[in-house]
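The report below goes through a multi-chain model, moving from chain composition to helix geometry, the nonpolar core and the contacts between parts. Please read it alongside the sequence and coordinates.

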Amino acid sequence: MKSAVKSLPDRATGWLARAVIVFLYVPIVVVVVLSFNGSDVTYKWAGFSTRWYGVLADDTDLLSALRISAEVGVASATLATAGGLLAAMGMARLGRRFRVAFSGGLFLPLVIPEIVLGVALLAVFGTLRADLGLTTLVLGHLVVTLPYAALIVLGAHGALDPALDEAAADLGCNAWQGFRRVTLPLLRQALVAAWLLCFTISFGNIVMSTFTSGVGTTTLPLRVYSLLKGGLTPEINALGTLLVLFTFLIVLGAGLRQMRRILVGGDRTPG
Amino acid sequence: MTVTAPAHAPAPPTAPARRSGFRSAAVTAALLAPAGVTIVALVLVPLALVVRDSFATADPYGGIQGGFTLANYQQLLDPVYLKVFGYSLGMAALNTVVCLFLGYVVSYYLAGRPPQRQGLLLLLIIVPFWTDFLVRTFAWINLLSPGGPVNTLTDALGLTDGPTRWIPSQGASFVGLVYAFLPTAIFPVYASLRGVDPALGEAARDLGCGWWRVHTKVLLPLARPGLLAAALLTFVPTLGVFVIPVLLGGGKHELVGNLIVTLYTEFRNQPMGAAASVVLLTLMIVSLAVFGTAAGRLRRKAS
Amino acid sequence: MSRRAASRTLLATSVAVSTTLFATACGGSGSDAASSSGGGKNLHVYAWAGEIPDSVVKGFEKETGIKVTVDTFDSNETMTAKLSSGSSGYDLVEPSQYTVQQLIGQQLIQPLDHAKIKGLGNLALKFRSPSYDKDNKYSVPWIWGTTGFAYNDKCIKSATSWKTLFDPKYKGKLYMLDNMLASYIAGLQVTGHRATSTDKDQIADATAALQKQKKILAGYNSTNYPQLLAGGQACAAQAWSGTAMAKVVQSDPHVHYVIPEEGGSVWTDGFAIPKGAKNTTSAYEFINYTLRPEVAAKVTDDGSSASANQAARSYVKNKEALANTAIYAPNATIVKADFLLDPGTAMQYFQQGWTKVKAS
């Protein structure tokens, strides 16, 4: 499948791509190193220490903020991805004019500065007498992430051959079966990509969270942002390190499982 | 079953005409409902409020008083504000171009990896962004500070001589922007390249297409929906960024995002902030419409 | 099957990531999940991060059995926006002095019932009936500090005046706070006016000075300036006293915090009860608890901030903190320091001026 001899430009772009991925990890290395800083401040090295991990373990405020962020991230990413998928499928059934109008509406939230949308949403929630909390937070993040999910899924859906649906129908699949067996498997990567991006955007969101969070629902970025005033300590680095480490463990776990599968030959890829 | 995207050029989308009437329309409506309701209730309604506020006056304490005035828009005609708008558009365009280029390169690389590894690589790309934004930014500040690791390295290589100030600067601010928007550019492009049959590139190559032609004539057109999405997702949100120019750029050059945040917070002048947003929104819609027609014309010419 | 295999791993990985993240996060702090439910009495506080030490919250909960939820904000404006929505759900907020004026003007906080408050007499004289809130009708000051500047003596031998921050000698090594009102304190005082000025021409003077100053600034910074001072990247930087500045002054003998001879300014964050608060009884109990000298002393011992409570000073265990200018400014230096007030209708002059400065 892969040609044995790669062309020079292919190799060059390959190296550039790897360099970009390394670039993404440059600050992460610093974060990890500084998490073992014994000093009270992040910018001055005062010897190796794990004290900030201890501080982190006892910091209920920060951990509960992490919990809120994880909950909101999972909920809003799931809702946004599902909404985006349905919208992409629905839009394929629309005429050109309606499709353009609908996609215009979908990316409208992107065009409105988040603080403006946040303040306006807050006013709407206020008028409805809706208590600020997890629900309003998830709704706020849904608005922010929906365009990302919708555009990614739309892009992938647009690359599919519309004849596939008909082919499935000709083979005797009903619409649901066609969706389950043809559309969904083909879109799975795009859906996962959309979900991951949405989760990440929600997990890091500050502005929308500022206006839609309520009693007891301070998210992680909000907490960190408000800590700035007193100066950040390596505790935040410790938290970042644990999150990265933890994700790596999972990636590694998944990687090992695959290796085994390849060795045993169960689900082998052709070529 | 192994389903790959078709090798022939995509046919125009199926017209709904063939499907039978009412039931089909109901299905379409049901599919569009979740996103549609979200947009109407949580975007259009608040947006109407913003438009209303942009014509209101503020009371001396920062509350919104109501009434009707055009003063908020008139004040925006001040060259001071136009300068901010112009600078932001330039920054956003530059950021979009760089991110799209890198996004395409990375996506192409990803799509060429063995299938199982693609998922892991995708995760690998997104993981750095689970570390808090501010923590990452301060890591950059540590790295780039005079006498910091990067400075020591460039000193050793003879590129600089002694402590050099990289931060705050517009360059640092730009690097921060690119960093922040890379995944947003990579993901949509990857998602659409993923649907392309790898055999397609091979076939083109076998037919004697050079590397450049394989990309410009075959892969880029197929990745177009993803590239368009990535361009939108990068360009527009860059305009709203406000923390990066402050932390990495030293707050001396503002983006529209900073302006609107300042209007809403420090100036406690919500009506004028709303007016600035409406102007931004209109600018965006107009430029997108122009962009859309141009792209459409180009496509028709190509086919 | 390549495609299916790939998507299956992707899916499995992302599900695994999310579920484990969930599980660990929940395990980490399952106890306070039910903060708003339960039959007992509750108190919902919205405050600046780090200004109410954990020890104070824990002590109050233990003594009264009231469950306290503290959420934190990063600017007065976000807090104001939340309150103006009318459904924030908070019982006690901690605005800065000029924000107290705005909240009163927008009718977002309620007058305090002084019959229910014990210990107002413990407050330092400066905070009893302050200019922004006569007779403490709406707010009880809790923490205070100053707006001044700091310098590194490796670069500047000594400095006492705002003029240092306007001196071209230090071009590229000067920082100002990225905050309009703070910048205008320096701008107004260096041009010979008062920080509380609302006069159009005086503000124009200050704008001109700040515009000229921008050319020699390295940047505006209100986050990591203590770090920049300690690292020598900044010769001088406008600064707020308090936790972050105090830490650097304590750990680095070369960094000095100064209240400029032109006056500088005093700020204070205090407690107020929002309109429509549900648990006002708990809110009053909390205010009374924090007015006790031994409790108020904890903001200095556990939070490196200055307490507005005069009686608390003798309870402070960390005597060094009492002598640290970046925490407790000596009385003599703040004689000329005004509380920074809300500019009211003069805001438009500040807005026009500051926009000009920032866009120049």
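## Chain A overall

Of the 271 residues of chain A, 55% count as buried, where a residue is buried if 20 or more other C-beta atoms lie within 10 Å of its own, exposed if 12 or fewer, and partly exposed in between, with C-beta atoms placed from the backbone. This is a predicted model, in which local features need pLDDT of at least 70 and side-chain atom pairs count only at pLDDT 80 or more, while totals for chains, interfaces and linings use all residues. Residues are numbered from 1 along each chain as its sequence is written, and chains are lettered from A and ligands numbered from 1 in the order in which they are written.

Chain A has 11 helices and zero strands, helices (H or I, at least four residues) and strands (E, at least two) being DSSP runs numbered from the N terminus. Its C-alpha trace spans about 70 × 60 × 35 Å along the principal axes. Among contacts in chain A between residues at least 6 apart in sequence, 77% join residues at least 24 apart; two residues are in contact if their C-beta atoms, placed from the backbone, lie within 7 Å.

## Helix α4 of chain A

Helix α4 of chain A covers residues 96-111, and its 16 residues reach 22 Å from the first C-alpha to the last, close to the 22 Å expected at 1.5 Å a residue; the expected span is 1.5 Å times one less than the number of residues. Buried positions in α4(A) include A:S103, A:L106, A:F107 and A:P109.

## The nonpolar core

A nonpolar core is a set of buried Ala, Val, Leu, Ile, Met, Phe, Trp, Tyr and Cys residues joined through C-beta atoms within 7 Å. The largest has 283 residues, and those with the most contacts inside it include A:I152, A:V153, A:A194 and C:A236. Helix α3 (residues 60-92) of chain A provides the largest share of this core, 17 residues. Leaving aside neighbours within four places in sequence, A:A194 is in contact with A:T81, A:G84, A:Y148, A:A149, A:I152 and A:V153.

Chain B has 13 helices and two strands, and buried residues make up 48% of its 303 residues. For chain B, 67% of contacts between residues at least 6 apart in sequence join residues at least 24 apart.

The contact between chains B and C takes 30 residues from chain B and 34 residues from chain C. On the side of chain C that touches chain B, α1(C) gives the most, with seven residues. By class, this side of chain C has nine nonpolar, 19 polar and six charged residues, with Ala, Val, Leu, Ile, Met, Phe, Trp, Tyr, Cys and Pro counted as nonpolar, Asp, Glu, Lys and Arg as charged, and the others, Gly among them, as polar.

## Domains of chain C

Chain C is assigned domain 1 (39-144 + 267-326) and domain 2 (145-266 + 337-359), the bounds coming from an automatic or database domain assignment. The centres of these domains, taken over C-alpha atoms, are separated by 27 Å, and 18 residues of domain 1 are in contact with 17 residues of domain 2. The largest share of the domain 1 side, four residues, comes from α4(C), and that side has seven nonpolar, 11 polar and no charged residues.
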